[in-house]
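Open the structure in a viewer and keep the selection panel at hand. The stops below say what to select and what is there.

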Amino acid sequence: MRAWRRVTALARKDLLLEWRGRDALVPAASFGLAVLVVLGLVWGGSPEAAPPVLWLALLLASVLAMGRSAEREDEEGTLEVLVLYPGSREDLFWGRWLALCVLLLALGAGLWAAQVLLFNAPTRNSTTLLLVGLLVAVGLSAVGTLLAALLQHVRAGRLLLPLLFLPTTVPVLLAGVRLTEAATSGTPAGPWWGVLAAFDLLFLLVGPGLFEVAVEG
Amino acid sequence: MQPLDPVTAEGLGRRFGAVVALEDVSFRVREGSCLLLTGPNGSGKTTLLRILATALRPTRGRAWVCGHDVVSEGHRVREVCAYLGASSGVYGGLTGLENLQLAADLCGRPRERVPELVERVGLQPAAHRLVSTYSLGMRRRLALARLFLQGPQVLLLDEPFVGLDSEGARLVRELVSSVKEQGGAVVLATHDRDRAGGLYDAVAELQAGQLVQGPGLVAAGRI
């Protein structure tokens, strides 16, 4: 109960700061939209191109939102205060992860709406697409939260974050694309649900423990 | 055997690469007392406080806070200990009230106490303003309110008087006194001995990472 109170308080704090500052979502959404438009021009805006373009745009745009919470803590010198509160330091991971999940879901919803307009993409099986979006957001947030903490005190950490984040999340990108294609065309999804779920589970299991090590003095 | 004193350090040391920040520091602070930690810049005061607060691991020696080892039982230490460092550690994008509500949620205290504490530290008129509009002294007062909220058994203060006016300094004194009266212990690092006057029961001086006793200094129950 106490852990839940801590996690929700931390997530609420991150979302409130984002709402007031708009320094992660707005740049990420603008960049994602730019990627959609550019790739739409390159591939001619055909509906078949919509799934890879959507998830690639989300992946690239999410890089901009990943480290913002950690950067804020750095700028304000608040991380030390956070880690010295009573309670498990793993709660800090879950709080950041939850806030990032909400941000990525909002970002994904916006980009999905844009690609429907730009690519005339089919919108059937929206429940399945929502579930894919949720699992993608969960996985990307777990990796992003962990990497941002690991690189927080590393010189040039902001440059290293995308270099580590993009290759690590390739399974999420592939699963997102294949599952979206399967949902919109009605073809079998193959092993991709399992791949996506396993990826999420792995990072949700190892993330909190490694995060705790990363924030220790 | 677990030490019974609220704060005990034995042979504590910390290196940052080749730099020795703290070397073989041993002392104890008894119940209901305050240890004043002095020494020039870079003498290891902040490093010592951060180790006791579990923000930093020692590279040698051991320390206990309320009988809990600061390395192996850090989570228990954090239950009983509060630390105020050089940074106030408050969010500029939140209001004063929101910062304290967050603190209440994180340390498991009732949110109902927050308005009373805002008033106690004299920030009531600015409670609904973003902290980014606060002065340094107001931020420090907010940080003090967080310590009042935590109500620790062991209080670790690093230059708590910086940026505070006389009313703010009175709040520091009130906080230290309340911890002492409840049988807790305080370690106070400051260069401002005038403002700390009457608060401390013993003085320990650090020089180049080592605990020394200068003339006229009272040992803080050295082991």
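Which residue in S10(B) does Glu205(B) stand opposite? Select Val212(B), which is the residue opposite Glu205(B). This is a predicted model, in which local features need pLDDT of at least 70, side-chain atom pairs count only at pLDDT 80 or more, and totals for chains, interfaces and linings use all residues. Residues are numbered from 1 along each chain as its sequence is written, chains are lettered from A and ligands numbered from 1 in the order in which they are written, and side-chain values use heavy atoms, with hydrogens and water left out.

**Six-stranded sheet, chain B**

Select the six strands of the open sheet in chain B, which has the order S6-S7-S8-S3-S9-S10 and mixed pairing. Strands here are DSSP runs (E, at least two residues), as are helices (H or I, at least four residues), and both are numbered from the N terminus. Two strands pair if DSSP finds at least two bridges between them. The edges are S6 (81-84) and S10 (210-212) of chain B, each pairing on one side only. From one strand to the next, the twist averages 20 degrees. Now take S9 (residues 202-207) of chain B: three bridges join it to S10(B), and the two run antiparallel.

Contact means heavy atoms within 4.5 Å.

**Four-stranded sheet, chain B**

Move to the open sheet with the order S2-S1-S4-S5 in chain B, where the pairing is antiparallel. Its edge strands are S2 (19-29) and S5 (68-69) of chain B, and each pairs on one side only. Strands S1 (residues 7-16) and S4 (residues 60-65) of chain B pair over five bridges. Within that pair, select Thr8(B) with its bridge partner Trp64(B), then Ala9(B) with Ala63(B).

Stay on Trp64(B), which also stands opposite Asp69(B) in S5(B). S4(B) and S5(B) are joined by two bridges and form a hairpin with two residues between them. In the turn, select Cys66(B), which has a positive phi of about 50 degrees. Finally, show H1 (residues 45-52) of chain B, which lies across S1, S2 and S4 of chain B and runs at about 60 degrees to S2(B).

**Chain A**

Leaving aside neighbours within four places in sequence, Arg72(A) is in contact with Asp14(A), Leu17(A), Glu18(A), Asp23(A) and Thr78(A).

Go on to Leu25(A), in helix H2 (residues 25-43) of chain A. Leu25(A) is partly exposed, at 28%.

The last stop is Leu210(A), in helix H10 (residues 192-215) of chain A. Leu210(A) is partly exposed, with a relative accessible area of 40%.

Key: Buried means under 20% relative accessible area, exposed over 50%, partly exposed in between (1.4 Å probe, protein chains only). Axes are lines fitted to C-alpha atoms, for helices over the stretch in contact, and angles run from 0 to 180 degrees between N-to-C directions.
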